Amino acid sequence: MKKLIMALAMAALVSGCANKDFGEVVNDGVNGAIDGVLGSVGVGNGTVVKNSDGGFSVKEENVWPYEATRTRRDYGEIKVAKTKKNPKGRTEIFVESCAHQRIGSVDCDGWMFEVTAEGWLVEDSILVYDDRTYSIAAGKYYGKFKSEDTGTKYYATGEVNIVPFVTNYIAITVE
């Protein structure tokens with residue numbers, strides 16, 4: 001019985017690979033390798049794209065933190081590290097930390113865009129910089145942060161859920 005199950009699993013695996021275009025397999029592998037290398041060295045926000053001539057090239061994505069647009073993929077990480085009751089009973093955010101995995105602590109600033117129920121970004125944004133506390137409405141936000149004074153620009157983009165009626169301590173990891 002075990003041999004039959006193993007044979008069926010192998011047949012399904014082989015037939016799945018046979019149906020996938022070889023170029024797609026190579027492209028997926030190369031994209032993974034390049035994303036890993038570019039992400040770890042901070043060279044840019046690029047992915048490998050298959051050209052019409054059969055070759056491959058690196059395609060960069062410009063990140064404009066102040067524009068209410070999403071990036072193709074999330075960069076780095078933006079998360080609520082902890083929440084703490086505040087004496088005012090208001091919903092607030094405070095950037096607790098901003099770091100790069102190979103540099104350590106860095107200065108960063110960015111914009112928070114409220115996300116509607118349909119997934120759209122609200123044009124009015126909240127500029128987040130310095131060691132300040134900001135009062136905002138609770139809910140889902142899309143953040144776009146960039147490093148400052150690092151020579152190379154590093155970014156963090158992605159959604160974060162802000163908890164109501166407490167201070168949300170935000171931890172950012174740029175890449």
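**Strands, pairing and a buried residue**

Tutor: Strand 4 and strand 5 form a hairpin, with three residues between them. This is a predicted model, in which local features need pLDDT of at least 70 and side-chain atom pairs count only at pLDDT 80 or more, while totals for chains, interfaces and linings use all residues. Residues are numbered from 1 along each chain as its sequence is written, and side-chain values use heavy atoms, with hydrogens and water left out.

Student: What makes strand 4 and strand 5 a pair?
Tutor: Strands are DSSP runs of E with at least two residues, numbered from the N terminus, and two strands pair if DSSP finds at least two bridges between them. Strand 4 (residues 92–100) and strand 5 (residues 104–105) have two bridges in the antiparallel sense, so they meet that definition. In this pairing, Ala 99 stands opposite Ser 105.

Student: How many bridges join strand 4 to strand 11, and in which sense do they run?
Tutor: Eight bridges join strand 4 to strand 11 (residues 167–174), and these two run parallel; here Ile 93 stands opposite Asn 168. Strand 4 is also joined to strand 8 (residues 133–135) by three bridges, in the antiparallel sense, and the partner of Glu 92 in strand 8 is Ser 135.

Student: Why is Asn 168 called buried?
Tutor: Buried means under 20% relative accessible area, exposed means over 50%, and partly exposed lies in between (1.4 Å probe, protein chains only). Asn 168 has a relative accessible area of 0%, and therefore it is called buried.

Student: Which residues is Asn 168 in contact with, leaving aside its neighbours within four places in sequence?
Tutor: Contact means heavy atoms within 4.5 Å, and the residues in contact with Asn 168 include Val 80, Thr 91, Phe 94 and Val 163. The side chain of Asn 168 also reaches the backbone nitrogen of Val 163 at 2.9 Å.

Student: What is the order of the strands in the open sheet?
Tutor: Four strands form this open sheet in the order 7-6-9-10, with antiparallel pairing.

Student: What makes strand 7 and strand 10 the edge strands?
Tutor: Strand 7 (121–128) and strand 10 (155–162) each pair on one side only. Within the sheet, strand 6 (residues 107–115) and strand 7 are paired in the antiparallel sense over five bridges, and Phe 113 has Ser 125 of strand 7 as its bridge partner.

Note on methods: Polar contact = N/O pair within 3.5 Å; in protein donor to acceptor, adjacent residues only side chain to side chain.
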